[in-house]
Amino acid sequence: MSFSFKVKRTIPQALGRNGVIATPHGEIKTPAFIPVGTKATVKAALPDSIEDLGAQAVLANAYHLYLQPGPETLDAAGGLGKFMNWNRPTFTDSGGFQVMSLGVGFKKVIDMNGDSLNSDDLIVEKRERLAHVDDDGVTFKSHLDGSMHRFSPEVSMQVQHQIGADIIFAFDELTTLHNTRKYQEESLERTRLWAIRCLDEHKRLTESRSHRPYQALFGVLQGAQYEDLRRKAAKDLGEMESSGIAFDGFGIGGALDKSKLGTIVGWAVDELPVNKPRHLLGIGEPADLFAGVENGADTFDCVAPTREARTSAVYSPTGRFNVSGGSYRKDFSPIDSECTCYTCKNYTRAYLNHLFRAKEILGPTLATIHNVHFIVNLVERMRLAIESGDFFEFKKEFLGRYKNSN
Ligand SMILES: [Zn+2]
């Protein structure tokens, strides 16, 4: 087995730390932002570019790869990394989020602004529910061709073993901030029982596929906005053992009220073992990354930097702006004069403005390289600030300039 995690330094008077995750495909220095390559590609960017900009790993999605091209293709290719020519560590998320969010027809669970949402905003109206949860698993309709499929904890483990990422996640049920307290309790218990089944199936697959590199399994903590449920989930999964094994790390997932993000992460981290890594699922905005790191999350993933890039929204130290806007037509400065990425070293705002207006494919590519570099580099600077004991100074300086565009 070649998976380990070592804590190096902690943030004084806080739960955060830096450290190193070791996987069969190399190390991840934490805290780290992991770019999303949903379908085994970080959209619009070459794997070489993603490596050059400093990314240490990529995260793909089991649901999407299960439907297309199918996990048996990735298995035959020798696993996700080989298939996509990415020689560094890889993650897959379990597919639970997509099975339920695409199937139930949530509009944007990812926004997770608890204050502004009501159930009418959240559920797509008059749409057939495409996913049905029972105690054994989830039956869902493919968003591609309408075919029926079923995911259970065992199926998710089998699919993720065939895909072959270094770090995989247990199958969990996604809830929203608007489910009733009673439903959250039932769902949390279902996710707990599924976690045991994931450990059992993971153990069986690890033994039967011993010719393949070891895959680390992270349990996923739900519990929405409730302190007692978040703490219970962390304690249950933190202590859980089945078939003689425990989780290698933990994912903090589900409905997260972003205004309380740091507090919610802190509840979970309080209860989790210190010597195992914690991944905060689906979080990638600068202020949220600071809150996550401060409260003890080690790795992060989010589609925002790549998705925003494709709509010409780019990050800068003062906030995000739309480079296709009229005022950048003759602006021959880089997106961010402090940035060291390939795009900022070689191209101007005016050129990107032209590419986006002309709908040239290179526009999304250059913007993706910059945005992913910006966020990867921001978390890398947090890591260095923890190392030098300056985390809070760095946080104050960065967020003092950065205007949230949400
Ligand atoms: Zn740049």
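Strand β7 and strand β8 (residues 138-141) run antiparallel to each other and pair over 3 bridges. Here strands are DSSP runs of E with at least two residues, helices are runs of H or I with at least four, both numbered from the N terminus, and two strands pair if DSSP finds at least two bridges between them. Within this pairing, His132 sits opposite Thr139 in β8.

A word on the model: it is predicted, so local features need pLDDT of at least 70 and side-chain atom pairs count only at pLDDT 80 or more, while totals for chains, interfaces and linings use all residues. Residues are numbered from 1 along each chain as its sequence is written, and side-chain values use heavy atoms, leaving out hydrogens and water.

β7 and β8 belong to an open sheet of 3 strands, ordered β7-β8-β9 with antiparallel pairing. Its edge strands, each pairing on one side only, are listed here:

| Edge strand | Residues |
|---|---|
| β7 | 131-133 |
| β9 | 148-151 |

Now to the metal site. The zinc ion is coordinated by Cys339 (SG), Cys341 (SG), Cys344 (SG) and His370 (ND1) at 2.1 to 2.3 Å; donors are N, O and S atoms within 2.8 Å of the metal (3.2 Å for Na, K and Ca), and water is not among the atoms, so sites may look incomplete. The arrangement is tetrahedral because the 4 donor atoms subtend angles of 98 to 120°, where tetrahedral requires all angles between four donors to lie between 85 and 135 degrees. Along the sequence, the donor residues are spaced C-x1-C-x2-C-x25-H. Cys344 in helix α13 (residues 342-346) and His370 in helix α15 (residues 362-388) are 26 residues apart, and this pair links distant parts of the chain. Both Cys344 and His370 are buried, meaning under 20% relative accessible area (1.4 Å probe, protein chains only).

Note on methods: Tetrahedral: all angles 85-135°; square planar, octahedral: opposite > 155°, others 65-115°. Buried < 20%, exposed > 50% of the residue type's maximum accessible area, 1.4 Å probe, protein only.
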